[in-house]
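Visitor: I would like to learn how to read a few features of a model. Please show me the structure and take me through it.

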Amino acid sequence: RVTCDAFAFWVSRLPEGSIPSYLRMDVRVGWQLTRRAELSVGGRNLTDARHPEFQSEDFVLAQQARRSAYVRLAWKF
């Protein structure tokens, strides 16, 4: 009745905009409440509070990915 998903993503250094390499980890834990309902909680970008992912000539600053958390209730019908 409980599931756990863990994801790890490695991105090597990007020469465009001098973006350094980084490791991103996401985790999700789900509880099957009933046959039709599942409650889950999760977190994204757990290894860093923020890190640059993209930069172009049009942007002065690199786009930042931030750490986040979520709660989800899914109902199947």
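Visitor: Where does Asn45 lie?
Guide: Strands are DSSP runs of E with at least two residues, numbered from the N terminus. Asn45 sits in the loop between strand 3 and strand 4 (50–54). This is a predicted model: local features need pLDDT of at least 70, side-chain atom pairs count only at pLDDT 80 or more, and totals for chains, interfaces and linings use all residues. Residues are numbered from 1 along each chain as its sequence is written, and side-chain values use heavy atoms, with hydrogens and water left out.

Visitor: Is Asn45 buried or exposed?
Guide: Take relative accessible area, with a 1.4 Å probe and protein chains only: under 20% is buried, over 50% is exposed, and in between is partly exposed. Asn45 has 8% relative accessibility, so Asn45 counts as buried. Its phi is positive, about 55 degrees, although Asn45 is not a glycine.

Visitor: Which residues does Asn45 touch?
Guide: Contact means heavy atoms within 4.5 Å. Leaving out residues up to four places away in sequence, Asn45 touches Arg24, Met25, Asp26, His51, Ala65, Arg66 and Arg67.

Visitor: With which side chain does the side chain of Asn45 make a polar contact?
Guide: A polar contact is a pair of N or O atoms within 3.5 Å; within protein, one must be able to donate a hydrogen and the other to accept it, and residues adjacent in sequence count only if both atoms are side-chain atoms. Here the partner is the side chain of Arg24, at 3.5 Å.

Visitor: Over which ring does the charged end of Arg24 sit?
Guide: The test is NZ of Lys or CZ of Arg within 6 Å of the ring centre and within 35 degrees of the ring normal. The charged end of Arg24 passes over Phe9, 4.6 Å from the ring centre. Phe9 also has Arg24 as its bridge partner in strand 2.

Visitor: In what order do the strands of the open sheet come?
Guide: Two strands pair if DSSP finds at least two bridges between them. The open sheet has 4 strands in the order 1-2-3-6, with antiparallel pairing. Strand 1 (2–11) and strand 6 (68–75) are the edges; each has a single partner strand, so one side of each lacks a neighbour in the sheet.

Visitor: How many bridges join strand 2 to strand 3?
Guide: There are 6, and the two strands run antiparallel. A hairpin of 4 residues links strand 2 to strand 3. Within this pair, Trp31 has Leu39 as its bridge partner in strand 3. Strand 1 and strand 2 (residues 22–32) pair over 10 bridges.

Visitor: Is Ser40 buried or exposed?
Guide: Ser40 belongs to strand 3. Its relative accessible area is 0%, so Ser40 is buried. Beyond neighbours within four places in sequence, Ser40 contacts Arg28, Val29, Gly30, Tyr70, Val71 and Arg72.

Visitor: What about Phe54?
Guide: Phe54 is in strand 4. At 44% relative accessibility, Phe54 counts as partly exposed.
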